[in-house]
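Subject: Structure handover

Hello,

Here is the structure I promised to pass on to you. Please open it alongside this note, and you will find my reading of it below.

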Amino acid sequence: MTNAALGGAATTFKALLKGYRVRAGLTQEELAEGSGVSVRAISDMERGIAKSPQRRTIEALAAPLSLTDEELTGLQKVARQGRTPAPAPAGINGAHLIGILPADVDDLTGRESDLDALCGLSADLGGGRRRSGRVAILSGPPGTGKTTLAVRVAHNLAGEFPDGRLFLKLRGMSAEQANPADVLHLILRSLGVDAVRIPADQEDRVSLCRSLLQDRAALIVLDDAADEAQVRPLLVGGPRCLTLVTSRQMLVGLEGASRHALDVFGEDDAVALLSTIIGADRVAREPREALELVELCGRLPLALRIAGNRLASRPTWPLSRLLDQLRDRGRRLTTLTAGDLDVRSVFELSYRQLSPNAAAVFRRLSLVPAADFSVGAAMTLIEAADEDDAAVFLEELTDASLLQTSQENGRYQFHDLLRVFATERLAREETPEVVEAAETRLADWLVRTATAAGRYFHPTDGVSPLPAATPSFGDHSGAGRWLEVELKNWHAAVKSVAARGDHRPVLDLAESMHWYSEIGGTASTWYDVFELAVTAAIALGSDREEAVHRNYLSWVQASLCDQADEAVRMAQLAWDAAVKAGDRREQGWARVYLTSAHGRETSPELFDEAVRLFEDADYPLGVHVARTMRASYWYREGRFGEAAEEFDACVRYFAPEDGGSRTPVDDTNYAYVLLRSARNLAALDSADRALTQCETALALFRRHGAAMGQARALQETGRFMRRQGDHANARRRLSEAGELYERIGLTQAQIDTLHERAALSEEMGDPAAAHTDRERAAGLRDRLGRSEAAYGSGS
């Protein structure tokens, strides 16, 4: 049979397919083996049961059938023509399940993988392998496009379900939810059952639906389900049926269902959707504004569609005009309204379904400063008896898709627009006094817990006892993890506590954090913390505590913020306060930080004075810190032999003893001494020993998650490897150091590392890479100069 004969004689899909198969000399079984399409599916297509299979099914058949491009295009065209459903014949025996699907959207974007996964569920239906149909649950926050996706799946799979598709609104978010018995009545009527023959009892209706759908290939969409109890009686599909359930609830109680949780779009998909609505040229003219717009919409499909529709209806508007409205959090949800599309109303539907306690948690969680939060924060906000009670309400909110679980285990987070909505509800439903009390409880809890966590990181010579009433983390690992994940929250909380003039908690937190500040946090964090503590000490009239925190602040300015002049001034003020207080230990620290700030211009007598002051205070830790810094000074002066003796004494002091108990700071102090000693060893031509000490230091820093120490050790080992000609490993170490410096905000150290890597690239014969690194370093230098004013001059 010729191609022309096939094309001219065959006007239906089933005839075309059978003709091509006969022409290829294949049985149905051979075609199934060659294409991966089941024999049952091929048989259904050739018998006309499946009139319009999916595009990927037809493409799979093309190769074993040896179809030309023209023949494949023609076959796909005929399949599309078969997607218009035929009218249903009357009566039960010949009835088809026919439903009118909502219109499909033309601009479905960003759901390709979800669409493929859902369409793929039809592949293993029938064939005797299943006793019931497939069920898929589409859940997610309001506005993520669950219904839109389900409708697209139903349209795409029309050819796979020749007995029809049924779309049923369950009104789960409505005050008048659909009754399962009434929905079953609609299904039976769609199956052609006369109203007088429909049983009155719900279970009888379930049984009749199942018997009628046992041998049919039908697709049922149950849209906007309230809960498992509403859905369970409606899962009546037979082995060849597919049921799609959309719900804001996760419906975790339904067994045997595949689950598809929809989230907001990624940035690229969000911009793509905006482009399809307002035009790619318009987005291309204002790319930065487009990125900001999709972020202010929280990359939520509904919000993006509303914003896009508003802009599309106002073609002369620049994107910046809508941005001005969206930037105002108080107007954002009002701005995201277009005709009958309204983000706030969609959120309110879910909010009204909550229990009173869960609704209170939802509102008050908007007071949490950062994007995510713990069960403990929720417990504090509502004064729950324990975390178990609070966890119940958080799980209710999560099941309702009003909260999401965070990537960090045991934590939760808001979608950006839901947080704005929660803030609105808080202002409308809670009195200012209640809100202030909740905010105060949260800030106090965060500061108190952070203070307890920080005390796990004091050295053995200066461990602060942990009062029995403070939270216990078990060990430093748990405390460090809490401080890391709650950083933005406790940082904001200490600012809040300071603003209301509650000085003692601020001082306690700052004192507990001093040694941890060399392990975690960022430069800006520690500048804020210790500056607030200086202010608090002055307010309380405590000379000793003023000296303590001016010393800490001097360290931050010198070591983290590249503010040498300010660090010198702060150390001198710390000295003055320590002298007034008669505290020789803080006088010693003031001298240590003054030498650190002065750098190469340090007076050598300051080191000797610091050692004497610490000895007078009977403080061996301070003595050996000062001796380490004195040894570093001798190294810079070229007195390598004297430095080596001093370093050896300090290494012995800080080194771990067999069986002795140690804190993380004991190990990091030891690691820092090893790093300083390694430079001197390299100067004495003991390169192998120097590298060994650097590697030991790096391992200790990594063990305790000390990012700044890791960066310094990586930088130092990179330098040693470069000198030894190990260029590849040197580059890896320097690159990793630069990334860590960037993360913790040590810009000057990042610049130094870029210059070191540039020199290395030139040695490796890669001038282009060297130029790139130097250009980046120059940019950082300019930015550093502009940002120095961001840090205050201190008190």
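**Pockets, packing and a sheet**

Helix 8 contributes the most to the lining of the second largest pocket, with four residues. Before going further, please note that this is a predicted model, where local features need pLDDT of at least 70, side-chain atom pairs count only at pLDDT 80 or more, and totals for chains, interfaces and linings use all residues. Residues are numbered from 1 along each chain as its sequence is written, and side-chain values use heavy atoms, with hydrogens and water left out.

Back to that second largest pocket: it holds about 1000 Å³ of space (the space filled by probe spheres set on the grid points, which are joined across faces, edges and corners). A pocket here is an open set of points on a 1 Å grid over the protein atoms alone, where a 1.4 Å probe fits, with protein on both sides within 12 Å along at least five of seven lines; lining residues have an atom within 4 Å of a point. Its lining has 35 residues, and Gly145, Lys146, Thr147, Thr148 and Leu302 lie nearest the centre. Elements giving two or more residues to this lining include helix 8 (146-156), strand 2 (165-169) and helix 15 (301-312). Helices (H or I, at least four residues) and strands (E, at least two) are DSSP runs, numbered from the N terminus. By class, the lining has 15 nonpolar, 10 polar and 10 charged residues (Ala, Val, Leu, Ile, Met, Phe, Trp, Tyr, Cys and Pro count as nonpolar, Asp, Glu, Lys and Arg as charged, and the others, Gly among them, as polar).

The largest pocket has a volume of about 1700 Å³. Of its 48 lining residues, Ser559, Ser596, Arg676, Arg679 and Arg712 lie nearest the centre. This lining divides into 23 nonpolar, 14 polar and 11 charged residues.

Helix 25 (residues 487-499) packs with helix 26 (residues 503-513) at an angle of about 145 degrees, their axes 9 Å apart (axes are lines fitted to C-alpha atoms over the stretch in contact, and angles run from 0 to 180 degrees between N-to-C directions). Trp490, Val494, Val497 and Ala498 of helix 25 meet Pro505, Val506, Leu509 and Met513 of helix 26 (contact means heavy atoms within 4.5 Å). These contact residues are eight nonpolar, no polar and no charged.

Finally, three strands form an open antiparallel sheet in the order 8-10-9 (two strands pair if DSSP finds at least two bridges between them). Strand 8 and strand 10 pair over three bridges.

Best wishes
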